Amino acid sequence: MGRSTEFLDDAAGRLARTDAVLREPGVETVYTYNAAGRLETRRETVHNYDGETERIYTYEYVKFDARGNWAERRVTVQKTAVRPVEGAEHEQSEIIRYPDAYQLERRKITYYG
């Protein structure tokens, strides 16, 4: 099987979803935006033979530059893994939750003119 990625936009022309096939796993990513049009969440779900893993990235905008573009945002990540239960007669799964982690993203935009 080859590798491919499909990109889907929402009615406002923003990236809404991607579906990627990478040999064994498939990765579905769904994007949501707040009322100001800024990225609010990114949910990545990886599907493979061992189960699936979901990561939800939540974006909180902390600082803006003089033109209203974000200069600093906090990204919180929550990961949930769903895996088959060993020795079970029927297909079952358990949810494993990992603690939340976050990172601070900073950007500097240079304006010309």
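Visitor: In which strand is the place of T32?

Guide: This is a predicted model, in which local features need pLDDT of at least 70, side-chain atom pairs count only at pLDDT 80 or more, and totals for chains, interfaces and linings use all residues. Residues are numbered from 1 along each chain as its sequence is written, and side-chain values use heavy atoms, with hydrogens and water left out. Strands (E, at least two residues) and helices (H or I, at least four) are DSSP runs numbered from the N terminus. By that numbering, T32 belongs to strand 3.

Visitor: How many helices and how many strands does the protein have?

Guide: From the N terminus on, the elements run β-β-β-β-β-β-β-β. The count is zero helices and eight strands.

Visitor: Which residue in strand 5 stands opposite H47?

Guide: Strand 4 also pairs with strand 5 (residues 51–64), in the antiparallel sense over eight bridges. A hairpin joins the two through two residues. Opposite H47 stands E52.

Visitor: With the side chain of which residue does the side chain of T32 make a polar contact?

Guide: Contact means heavy atoms within 4.5 Å. Leaving aside neighbours within four places in sequence, T32 is in contact with R38, L39, E40 and T41. At 2.3 Å, the side-chain partner of T32 is T41.

Visitor: Is R73 buried or exposed?

Guide: Buried means under 20% relative accessible area, exposed over 50%, and partly exposed in between (1.4 Å probe, protein chains only). R73 has 12% relative accessibility, so the residue counts as buried.

Visitor: With which residue does the side chain of R73 meet in a salt bridge?

Guide: Side chains of opposite charge can pair when their charged atoms come close. A salt bridge is a side-chain nitrogen of Lys or Arg within 4 Å of a carboxyl oxygen of Asp or Glu. For R73, the N to O distance is 2.7 Å and the partner is E105. The pair links distant parts of the chain, with R73 in strand 6 (residues 70–84) and, 32 residues apart, in strand 8 (residues 101–106), E105.

Visitor: How far apart are the closest N and O atoms of R14 and D10?

Guide: R14 is partly exposed, with a relative accessible area of 29%. D10 counts as partly exposed too, because its relative accessibility is 24%. The two form a salt bridge, and their closest N and O atoms are separated by 3.0 Å.

Visitor: To how many salt bridges does the count come?

Guide: Another pair is E44 with R42, at 3.2 Å between the closest N and O atoms. R17, D19 and E28 are linked in a network of salt bridges. The count comes to seven.

Key
Two strands pair if DSSP finds at least two bridges between them. A polar contact is a pair of N or O atoms within 3.5 Å; within protein, one must be able to donate a hydrogen and the other to accept it, and residues adjacent in sequence count only if both atoms are side-chain atoms.
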